[in-house]
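Subject: Structure for you to look over

Hello,

Here is the structure I promised to pass on. Please open it first, then read my notes below.

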Amino acid sequence: MTNRSKGLAAAAFVALAAGYATSAFAGSITYTESGDVQYTINGGSIQGGPDGALLTITETANTSTVLNASPDFENQGTVTFTIAGLGGGTFTDSMAVIDETGLNTVGFSDISDLGPFVLTTTNSAFSSYQLATAIGPVTSTAGTDTGVPFPSTIGSLEINTTVGQTTFTATTGGSSPPTNTPEPASLGVLLTGLAGLYKVRRARNAARASGT
């Protein structure tokens, strides 16, 4: 191996170590976010009434799988939801809970579609939160990316508006083995993905900060 190759390998290792919060004692973590919303299913009429219907979104993941794409943190997993008066389902796109620390915002995002948010909560408590510990419940300013259909097992869910505030909670408990470290051949893919995620997040954060 040449000195240059060794340097690239070392850089990849450092990026990998920084990108994953791993621990021999990693355990499960459950994220829950809820708030009243008006919504549609499969483009139908708006449901929820003037006071909205309670939407609760849940993901159970592992603290070892938190991805650090500074300044954001992400933890992917299977994301389920229930809506009062309708029932429950599972989002079928790749989903993740994301903390945009620079915007003090945490929420559930469709990462198959450049990251629109189903539901968010904005509070200063999230400015230093890294998704690997318990927090909350934190009840604060609600948000959503309107006009975006989120595929699910009960149809395409679109949030038209939030009503009132949202609440975010993360609870830990139980032990589980850490995620296996990717093979060396996977490092390039991982680093490319990290770079892409970082660029997308930075672009979206800049757009939000400018109010566009």
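Thr161 sits in strand β12 (residues 157-175). Strands here are DSSP runs of E with at least two residues, helices are runs of H or I with at least four residues, and both are numbered from the N terminus. This is a predicted model, so a word on the ground rules: local features need pLDDT of at least 70, side-chain atom pairs count only at pLDDT 80 or more, and totals for chains, interfaces and linings use all residues. Residues are numbered from 1 along each chain as its sequence is written, and side-chain values use heavy atoms, with hydrogens and water left out.

Is Thr161 buried, exposed or partly exposed? Its relative accessible area is 28%, so Thr161 counts as partly exposed. The cut-offs are under 20% for buried, over 50% for exposed and in between for partly exposed (1.4 Å probe, protein chains only). Not counting residues up to four places away in sequence, Thr161 touches Asp36, Val37 and Gln38. Contact means heavy atoms within 4.5 Å. Gly143 is 18 residues from Thr161 in sequence, and their C-alpha atoms are 8.2 Å apart.

**The whole chain**

The chain has two helices and 12 strands. In sequence order the pattern is α-β-β-β-β-β-β-β-β-β-β-β-β-α. Of its 212 residues, 37% are buried. Take the contacts between residues at least 6 apart in sequence: 66% of them join residues at least 24 apart.

**The core**

Which residues have the most contacts inside the largest nonpolar core? They are Tyr31, Leu55, Ile57, Phe91, Tyr129 and Phe168, in a core of 31 residues. The elements that give two or more residues to this core are β1, β2, β5 (79-83), β7 (95-100), β8, β9, β10 and β12. A nonpolar core is a set of buried Ala, Val, Leu, Ile, Met, Phe, Trp, Tyr and Cys residues joined through side-chain atoms within 4.5 Å. Leaving aside neighbours within four places in sequence, Ile57 contacts residues including Tyr31, Phe81, Phe91, Phe108, Val118 and Leu119.

**Backbone points to check**

Most residues other than glycine have a negative phi, and most peptide bonds are trans.

- The Ser70 to Pro71 peptide bond is cis, with omega near 15 degrees. Pro71 is in the loop between β3 (67-69) and β4 (72-77).
- Gly136 and Pro137 are also joined by a cis bond, with omega about 10 degrees. Pro137 lies in strand β10 (residues 135-143).
- Asn42 has a positive phi, near 55 degrees. Asn42 is in the loop between β1 (27-41) and β2 (53-62), and is exposed because its relative accessibility is 56%.
- Leu114 has a positive phi of about 60 degrees. Leu114 is in the loop between β8 (105-110) and β9 (117-122), and is exposed because its relative accessibility is 66%.

**Confidence**

The average pLDDT is 80, and 70% of the residues score at least 70. pLDDT is the predictor's confidence in each residue, from 0 to 100. Over residues 1-24 pLDDT is below 50, and this stretch has 26 contacts in the model beyond near neighbours in sequence. Residues 206-212 also stay under 50, with five contacts beyond four places in sequence.

Best wishes
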